[in-house]
Amino acid sequence: MSRFAAALALLALPAASFAADDTPLTPAESAMKAHVLFLASDAMRGREAGSPEFDIAAQYVAARFFAAGLKPGGDNGGYLQNVPLVTYKANGQGDFIWSSAKDAPQPLVFGEDFVPSANPAAEETSVSAPVVFVGHGIVAPQYRIDDYKGVDVRGKIVAFFGGAPKGFGGEERAYFGSGATKAAIAADHGAVGVVMLETPRTASNTRGPGFARMAQYYDNPRMTWATPEGMGSASGAPMLGTVSQTGAAKMFAGAKTSWTRIAAEIQKDAPVFKPVALAGSLSVATKTSFTPASSSNVIGIIPGTDPALGKQVVVLSAHLDHLGVRSAGEGDRINNGALDNAIGIASLIEEAKRFVASGQAPKRTVMFLAVTGEEKGLVGSDYFANHPTVPLKSIVADVNLDMPILTYTFEDMIVFGAERSTLGPIVRDAVAQIGVSLSPDPMPEQGIFVRSDHFRFVQKGIPSVFLWPGQKGPGKAAVDHFMSTNYHRPSDDLSQPILWDQGIRFVDVNYRIARAIADSPMRPMWNKGDYFGTTYKGLMAK
């Protein structure tokens, strides 16, 4: 039987009518489980973006949107928005040559001194320029940090450490620790390229891949959406590669501040750096290979009825893709992605049905958006944000549904981003209406707010929120178990003790939030002075 035929056979299966403990399921619970039975089945082979199985999953979601009564919101009058993709990887080891004023040019050694980075925007990258060390490469006025203060890096390569200082808040720390953020800051200052410096390891700080491992996997493929020229979408100064401690010692020779001193400083809890112009220049030549692919976002719409507010759009988003099939290993290699994120897609479909079944059309237009490529780096949501099927300025909020862990009866909820905008009171009211409390982020160090699809809307200045069941009572143990045992593993399947009644509660609170946003006379706005609202020029509350 072909994979497509197997998928069609699954469509014919009746919804399971019993929970894991043989308790009869309600029709709503059965409907939710039926979606997950299909989307997280082995026949879907992990729904990897660009795969035939993902395309089948997308057609399934489109069919469910049609059955729910949603109008198509994709390309050419259909439910699908084509997302052109490209897989790119380093093509060869490249060349890094260090030239100082006193010595002959010195080739750096691949795997010992450097590993190159693929450039998603060019088949060949050639840069030769002086190098300036800029600490963490961060400009954050709210933390009184400007790693570029007093130095001109126009036309130069900047070198920096990864991560961000420990004193940053969890979400800002994740944001500023991102290589993409650092590359954007470098480009804003006129840099022509960036290199990451390997951070010295200590016995108490062993996180992150070792340099030898980086060299082993330097040419692993990555994916992004493709430009009309067939290259990958990219912004910021090009990431040229990573330089090891050994390579850094060679490049810092003759600098006013030695590498020994820099390496000692970065191991402190609160390192302080000043920019250092290195005594030489770096010449980099790398190649990148590209392989085209394609995928789809799935979009359904309920038009708003208010003559004025109906032109505004509230987006409910969830990612449809997962990790596909492991390339090696024994036993089960299919990453089914039941909780991550078949449950989120099931919630999206059931919320659409609730809007229609209510008999009361929303005042604002509500868009239901199932995106591809979240696991590849928020690719599908990034494509939509840059190629929206409605005017971008009409989108007033995003409510994101990603990986709710529903293996316990939740007693509270966590809402990432609620405190940043006028969506906060709406969220608090909705959570209270289902009889649970709202708790602060219990793991701010994870920077969850910047790691899912809603953040692509944030980057367009759009207030957004993202809900999870909280960790009161049995929650913490359940979440810890999932994250340590099942997250991004083949065991994230229907063998888990998923509580479908908790799925209905999750749908309920998200529906209440979306309904309140859709019918509110006031447009959501960022709270005055919020960092992300200010950075991305969103509308601010007075």
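Residues are numbered from 1 along each chain as its sequence is written, and side-chain values use heavy atoms, with hydrogens and water left out. Because the model is predicted, local features need pLDDT of at least 70 and side-chain atom pairs count only at pLDDT 80 or more, while totals for chains, interfaces and linings use all residues.

Helices (H or I, at least four residues) and strands (E, at least two) are DSSP runs, numbered from the N terminus. Buried means under 20% relative accessible area, exposed over 50%, and partly exposed in between (1.4 Å probe, protein chains only). Helix 10 covers residues 379-386, and seven of its eight residues are buried, so the rest of the structure largely encloses this helix. The buried residues are Val379, Gly380, Ser381, Asp382, Tyr383, Phe384 and Ala385. They pack against strand 2 (80-90), strand 11 (222-225), strand 13 (276-302), strand 17 (365-371), strand 18 (395-400) and helix 12 (454-458); contact here means heavy atoms within 4.5 Å.

Among these neighbours, strand 2 pairs with strand 13 in the antiparallel sense over 11 bridges, where pairing requires that DSSP finds at least two bridges between two strands. Lysine 89 stands opposite serine 289 in strand 13. Strand 2 also pairs with strand 11, again in the antiparallel sense, over four bridges. Valine 86 has threonine 224 of strand 11 as its bridge partner.

**Salt bridges**

Side chains of opposite charge can pair when their charged atoms come close. A salt bridge is a side-chain nitrogen of Lys or Arg within 4 Å of a carboxyl oxygen of Asp or Glu. The structure holds 15 salt bridges, and the table lists some of them.

| Salt bridge | N to O distance |
|---|---|
| Lysine 250 and aspartate 113 | 2.7 Å |
| Arginine 456 and aspartate 382 | 3.6 Å |
| Glutamate 419 and arginine 420 | 3.9 Å |

Lysine 250 forms a salt bridge with aspartate 113. Lysine 250 lies in helix 7 (residues 245-251) and aspartate 113 in the loop between strand 4 (106-107) and strand 5 (114-116), so this pair ties together parts that are 137 residues apart in sequence. Lysine 250 is partly exposed at 26% relative accessible area, whereas aspartate 113 is buried at 0%.

Arginine 456 and aspartate 382 meet in a salt bridge. This pair links helix 12, which holds arginine 456, to helix 10, which holds aspartate 382, across 74 residues. Arginine 456 is buried, with a relative accessible area of 17%.

Arginine 420, the partner of glutamate 419, counts as buried at 5% relative accessibility. Salt bridges with shared partners join Glu171, Glu172, Glu419, Arg420 and Asp530 into one network.
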